[in-house]
Structure formats: structure tokens, C-alpha cells
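Could you take me through some of the ring pairs, charges and buried parts of this structure, one question at a time?

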Protein chains: 4
Amino acid sequence: MIEPGDRILLVGEGREFFVKAGQNTLSTDKGQLDLASLVGAAAGDILTTHNGSKFTIRVPRPTDFFTYGKRSGAPMLPKDIGLVIAYTGMNHNDHVLDAGTGSGIAAIYFGGVAKSVRTYEVRPEFSALAQKNIAEAKLKNVEAVAADFLAADGLFDVVHLDMQIQQEHVDHAFNHLKSGGYLACYTPFLEQMAIVVDASYGQFSEVHTHELIEREMTRSKRGTRPSTSICHSGYITIARK
Amino acid sequence: MIEPGDRILLVGEGREFFVKAGQNTLSTDKGQLDLASLVGAAAGDILTTHNGSKFTIRVPRPTDFFTYGKRSGAPMLPKDIGLVIAYTGMNHNDHVLDAGTGSGIAAIYFGGVAKSVRTYEVRPEFSALAQKNIAEAKLKNVEAVAADFLAADGLFDVVHLDMQIQQEHVDHAFNHLKSGGYLACYTPFLEQMAIVVDASYGQFSEVHTHELIEREMTRSKRGTRPSTSICHSGYITIARK
Amino acid sequence: MIEPGDRILLVGEGREFFVKAGQNTLSTDKGQLDLASLVGAAAGDILTTHNGSKFTIRVPRPTDFFTYGKRSGAPMLPKDIGLVIAYTGMNHNDHVLDAGTGSGIAAIYFGGVAKSVRTYEVRPEFSALAQKNIAEAKLKNVEAVAADFLAADGLFDVVHLDMQIQQEHVDHAFNHLKSGGYLACYTPFLEQMAIVVDASYGQFSEVHTHELIEREMTRSKRGTRPSTSICHSGYITIARK
Amino acid sequence: MIEPGDRILLVGEGREFFVKAGQNTLSTDKGQLDLASLVGAAAGDILTTHNGSKFTIRVPRPTDFFTYGKRSGAPMLPKDIGLVIAYTGMNHNDHVLDAGTGSGIAAIYFGGVAKSVRTYEVRPEFSALAQKNIAEAKLKNVEAVAADFLAADGLFDVVHLDMQIQQEHVDHAFNHLKSGGYLACYTPFLEQMAIVVDASYGQFSEVHTHELIEREMTRSKRGTRPSTSICHSGYITIARK
């Protein structure tokens, strides 16, 4: 049941609108959408504009927050978030420590998987924006902290870092990981990757750096081929305590 | 607290042993491990052999079941499982329908993420082996069914197929997906990918086929370079209802 | 010694001009270039504009014809042309048959390597444009023929096809190749690649299809990383008679 | 016409033999091959063993010297040699300076393309072996010098380095390149690539580092797919004077 203030995606007529269920009205080129009538509706219901255009009600998923969440910078790509989840085996038993919250997109994905997520971001305005995105994703198990990662304490199953990483951050992660837990570090540049790998060797075991090159296959009447542009984003180093 | 029959990973002395906590003893080249003493122990505790070798007790994570679970064939690679989780936004609210259980490795990963997983496998002996792996992973929310995917009913947030896929399977998935839910199809060959894409167009929206080329970066005294071999596995088509 | 009508590249002041040595003058935002004074000059000499800007005289290489040659469509990329040269072992003893001349860029590269090149193009206006590019590259050993590939006769060391390829074209190539010679087929789409491979099996030996994914490494003060976009172009099938 | 001492490839019965035309006899599991009878024969002729097995006479191409030439280490891969040829626009007008001869494979490819090649190798035993390979490839325009690259003088259109490269080597290349000529440096490791790029900036223009990821497409009754292993070799930096 959709409640007042809930984020809703309205899809139809070749358009998508990311709205809040509430009292107001949204004017579009396809007619007026009565957002008050969303309250009490359910996913899959149809909302009809005053002039007969039909929109399907969609309750947003993490993929929608990646597309429509407010951004403070370039968030990690889903392919890389998926790699972190898979290579750490992140699951519903896990307490996850995250740093470099950014817009909170990775934290939203992780919050849908883990028992709890604590995410650190040193820039208060980024942390505040992330908190807003997290609240809209209705994740009660994700806590955004506006502080330096080195201030984090507690014991975690997975630590994920997407920030400028130095030896002290890798050491801090090690100290706050349970035995058998994983550190995952995202680094766009090779020099940063080298810092992470060098800092991990010795204390961590199973240190591996992965690169994911993703491309889309296109299929048209002319035939099937890979998209001519392919996506690289960064390096992900996984290390186990 | 480790209970009798629990799967445990013992790590130390350059060795790993995937054992069951219980009454017996494991003889190794590093000495005898008393498996009875695992009961009541906790992750991170140390088990010492009769001759003083030390092993750390690890409670297995999904990554360990990928490595040590019994196999009936080549399971999906973690990179591809991660892509499915990320591109469907799979999370703790989701009911997931899976088919082509195989050894159950994907179902184990999904079971750690979703509220429930139902997984279909037409070969009874494969389904039985998967059930064993799932039980060892202590996932009460994953149900393995030894039946054809077309026999599945109910309504799901995500449908994942890793099997020989025809038009009727894509149609069946569409009929059992909630509005806004995702179909994810893994296909090793291009011809199969084409069948999935052609069957999805029209009924599904947002049909995209992804290919992940993964490689590992190696770092030694000689320098940093990509591993000379790189891994391709298959194509993953994601489609949204 | 530069002769009247020769194509010349003038490089300087952050500009490049692809001009013809001759009687006229080129007006640029860096001043007037006296093209008559190019005649008799040599590569590396400096041409000074009336207001003192300096341009270095460059005698164009095949790479410059790729950049500045007139185009009738998208030419093959140098990485793919290089692959054809390397995988056929093209060299100064070879007679090369080329079809799908297009703008003649591949023929220009091949003409700089082989003893002779005959290139077929069924669209006369494309062949005429290619002939112009070839003449400007001063390649006397390259003959552009405005005719269908199936009209080609003679015996060649290498046959290269960049066109819509059917079984009959592969058969025709086989019939006009010397023993030990190579066929190289460029196909952007997978369906076309399959036609080539299926047509080659049986008559040719050593049939291999290659895909080159090229990316550029970028290096700035922020660090070293692959360019975020990567280039795929097509599939190249090499088969040996 | 095949002369005494010429390298010949005999292909047939699922076998390949890389032999020298001459007086002796080669005993194989398919019968005895009379190598004397090769003298005066031509490519494509058939040589029949005493017991009726038939072998086709092939005059080796650069691709065959890559496969059968004697090796002192891992030679550059054809894909990378092709990239150097294409990105420098190497052609029959060019004088090429090469260093890090190794087994001479790259020099053999270049010798089939350029007017002349001079190749430096500091280890005399490697240079001697390369000289043998070059002689067998019947390339009179390739000179192998057993000396340090810094001893090279003259003026060249293309300089190619496949060796441990320092700033002084890049400077030396610059000093011996004609205006408009290209330097091409092959480096397996990222740290070496960085040295080359940093040394090139400033003096050279158009500095670009390329990486070629090659994979083979496989096609069987089960379907079409990329080979599961993909090949990376190194980075190639191209810079223009």
C-alpha cells in the first residue's frame, strides 16, 4: 500500500515520472496526474490523466534509485556494485561498513541485501543528500554518518571503500572486519589500485584485483553486434581477512 | 554458535578444509583435526591439531559454497550472478523464481539476498544435489523443486533463467512477473541470446543484453599488468515487465 | 622533392592543413600560406606565413590519408587493417586482391606494403573517389576497378573482402588464391561472420575469426587509467588456402 | 623457383614440416620425404612420400616464421606487430630502426613491408639467432646489429622499441627520426608504459597508448561464442615527431 510521501515511478506513453505520492498535481504534456490518488494504490495499478493518458504505477527498485536518485557526483555503476556483492558474498546476515557514501547509491543496493549498513562520508552536504535518497528508498537498516571513515568502530562482515584510499584506511578496515570477512575497494586509477594492493598484502589473504569491461550487444534488422562503445569504470580489489 | 552438522571451513598452514562439525576426526598432513570440538565454537576461533598446527574456524559464505559446493556442471560465475543481482536490483523484499538450478550456486547467492527463492530443475538428481548444497548453506528461504520451469506458478519480482530458453519460457516468465519486475536470462551462446531478445521484444520493456569481460590485474616485483588470460562466460539479457 | 599537385600536410600553431602544393594561397586564421613555395621543398622544412606563423611541411603517410582522405563511408579502422596485414603476413612479394574498395583507405595501406593491389568496388562513384585518394597517395601499384568482385580474375597471395559476403564470394576468393595464400574477411555483424566461417570450412584450412577490442590508456596528473570508452568495430576471419 | 637451402613448409596428412630444400631425406610417420626433389619445385607443387602420402609445398610467409622460427624468448604477437605497422603507416618507402631484436620476428614482418630495417640487440647470441631467422626469410633489406640501441645512428621514418626503455632511449629515438616519423614502443608492464609516455610528452606530438584485447570467436554445432580465454599482451605507445 502506497503511503503519503512515498517515491513512485509513473511509466507510460513513452514517459517516466519519478514523483511523490501526496496532495498535489503534476502537469505533463500528456495531461494532469493526480498524485493524491496514488495514496492507497498498489504497484501495477493504472493512473489516468484528466485527458485519458494511462500511466502504470511502479514502486521503485534500487535500479530506479540509480537512475532517479539525486547525485552529488558519479556513483559506482551497477556492474561494479554487483561485483562487490558477489565477490564478498554479501547476504542478509551481514553487517556492512561503507565509506565514501557519495549519493548513497551503493549503500541503497547494499541495504537491500545486508542486515545492516553503516556508511561514512566526510562531506556533510553529500551525507545529507545520501540520507535523503536512503530515506526515499525506505531502508531503515542503513545509517549514513557524516564523518571520516577512520572514526568508524564496530565489527563488520564486509567493508566497502569508494574514496581516496591510503594504507591507514586498509589497516582500519582490517581492524574492523570479522575473521573471514571481506574488504572491497573501488579505485578508478591504477596508482590508487596499487596503493590498495600493496597495503593489503601481508595482512589480508586472497587479494585479487578485478576489472570488469562491460558491453552491450545490439540486435537490429541489420544484425547482431556489440555496441561500438564499451564501458570501463575502475578496478575493484577484494581482500579477505 | 556452530551446531552439529554445520559446514565449516578450516583455514591455516596453507591449507583449507571444508568439513562438517560432528563426532569424527579428520586426518591431514598437518595433523589430526577434532571435528567434534567445532560444536559450540565460533567463527574466528582457533582449532589446534594434535601436533600443534593451528587452523582458523570460518563459517562459510556464499563465496565458499561457490568454491566447495558439490557441482553437477559448471555453475554461473560470481561476476554474472552479481550482474543479475545488480541489474534486477534484487533485494530483501523480493520473491525470486529461478530455473536451471544446476548445483544451486546461483540460488544460494540469491537466497542470501531475497526474501524467498523458488528454483526449478528438471533433472531430479541435479535438484537433489542442489538441495543438499542449499541445506548446508542454511537457507530456509530457498525451495528447490524438481520440475520443469513451465510448471512454476505464483507471482515474482525477479525471474532468473539459466537453461535452454525458448519463446514459451520467456512468455511464462512474463506471466509470473509482477509489474516492474525483471527477467534475467543467462545464455552462453549467441544464438540462444538472440532467441531471448527476440522473445522479449514486444512484451517486455528495457531489454538489454550485457556481456562482462573480466580480467584480473597482477602485481609483482616486475610490475603491474593485466593477467594474460581474460574471462568471458556468456551473455545476460535483462528485461523489465 | 615536393612536386606540383602533391598532397602536403602543414602542421603548426595547433593547426593542421592538408593542402596541395601549387600556385594558390591558403588563408588561415594564422596568416596566409603560400602553397607555390611548397614545390621543391622537403619534408621537415618550415613554411612561414606572411605574419610570421611557422608550419612544418609533412609528406603524408598512410595514417594521414586515414585522417584526411575523402570518405564515402566509414573506412576500416587502422587496428583492423593492421590485423589483416599481420595475420596474412602481407609483404613486398605479394599480389593482393581487395574488394569493397570504399574510400580506398585499406587499399592505400596495402599498397604501401604489397607489390601490387587490385581493388574492386561495384559503385562507380565510390571507386572514382577511391582512385583520387590513391593517386594522392602516389601509389602506382594500386589499381581501382569499378566492377563486381566476382569479375576479378588472376592469382593472388592475399584476398581481402570488406563487403556483403556470400558463399559465392568465398568460393571466388578460393579460386583466385595461390596455394598457401590467405583470405581475410571483415564483417561488422555476427550473422555475416557466420556466413563467412561456414563458407570457408571445408575448402580453407586454418579458419579463425578474431575480434580486436582496442582501448586507449590515459595518463594525467590524476593518474593512469583506461579511457572509459573502448572501441569495437567488427570481426575479421582469416582463412588459408 | 626453390633453391638449395631454402626453407620450405610441407603441409598434408594433418602434419606440417618446416624443412630445408637440400640433399637429405626426412623420415616421418607418413613416409620418407625426399628433400632434394624440392629444389626447382614451386609453391603449390605436391611432394609424394615413398609410400604415397602427399604433401603440398608451401613457401613460408612471415606468419610461418612466427610459428616455426627459432625463438630466444616470447616474440611480439602478430596483433601487436600489425598495430605497429598500421599506426605508424609503415610502408615501402620507409627506413625502420628496430631495437630489442629478440628472435627477429618483428624485424621479419617489418622487412616485408619497409624499404630497409636495421635492428639492434645487445645480447650477441640473440642477435645471431635472429640473423639466422632473417636469412631464412630471405630478407636482404634487414640488417641485424649486435649492439646497444644507443649506438644506432642515421635517420629513420619509424623507430620501434621492444626492450627495457628509459628516457635516454626515447630521446635517442627522437634524434634519429625524420620529421613526421613515428616512434612505437611495446611495453608489457604499466610502469614501463608510464616511463615511455612521460618521456615522450613534450618532445613528441600525438602520443597515444593503445591496448589490444584480442579474442577468437568459436563456432560449433552448439553455437557461436567468444573463446573463453582472451589475450592481452602489452601496451603500445605511438608518438609522432
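This is a predicted model: local features need pLDDT of at least 70, side-chain atom pairs count only at pLDDT 80 or more; totals for chains, interfaces and linings use all residues.

Residues are numbered from 1 along each chain as its sequence is written, chains are lettered from A and ligands numbered from 1 in the order in which they are written, and side-chain values use heavy atoms, with hydrogens and water left out.

Q: How many aromatic pairs does a search of the whole structure find over all chains?
A: Rings of Phe, Tyr and Trp (its six-membered ring) pair if their centres lie within 6.5 Å, and planes under 30 degrees apart count as stacked, over 60 as edge-to-face and the rest as tilted. Over all chains, the search finds 16.

Q: How many residues apart in sequence are the parts that the pair of Phe17(C) and Phe55(C) ties together?
A: The two rings form a tilted pair, 5.7 Å centre to centre with 50° between the planes. Strands (E, at least two residues) and helices (H or I, at least four) are DSSP runs, numbered from the N terminus. Because Phe17(C) lies in strand E2 (residues 15-20) of chain C and Phe55(C) in strand E6 (residues 54-58) of chain C, the parts tied together are apart in sequence by 38 residues.

Q: Is Phe55(C) buried or exposed?
A: Buried means under 20% relative accessible area, exposed over 50%, and partly exposed in between (1.4 Å probe, protein chains only). The relative accessible area of Phe55(C) is 0%, so this residue is buried.

Q: The charged end of which residue sits over the ring of Phe174(B)?
A: A charge sits over a ring if NZ of Lys or CZ of Arg is within 6 Å of the ring centre and within 35 degrees of the ring normal. For Phe174(B), the charged end lies 4.4 Å from the ring centre and belongs to Lys241(B).

Q: How many of the eleven residues of helix H6 (residues 190-200) of chain A are buried?
A: Among the buried residues of H6(A) are Leu190(A), Met193(A) and Val197(A). The helix is largely enclosed by the rest of the structure, because the number of its eleven residues that are buried is eight.

Q: With the side chain of which residue does the side chain of Glu211(A) make a polar contact?
A: Glu211(A) is found in strand E12 (residues 205-220) of chain A, and its relative accessible area is 0%, so Glu211(A) is buried. A polar contact is a pair of N or O atoms within 3.5 Å; within protein, one must be able to donate a hydrogen and the other to accept it, and residues adjacent in sequence count only if both atoms are side-chain atoms. The side chain of Glu211(A) makes this contact, at 2.5 Å, with that of Arg215(C).
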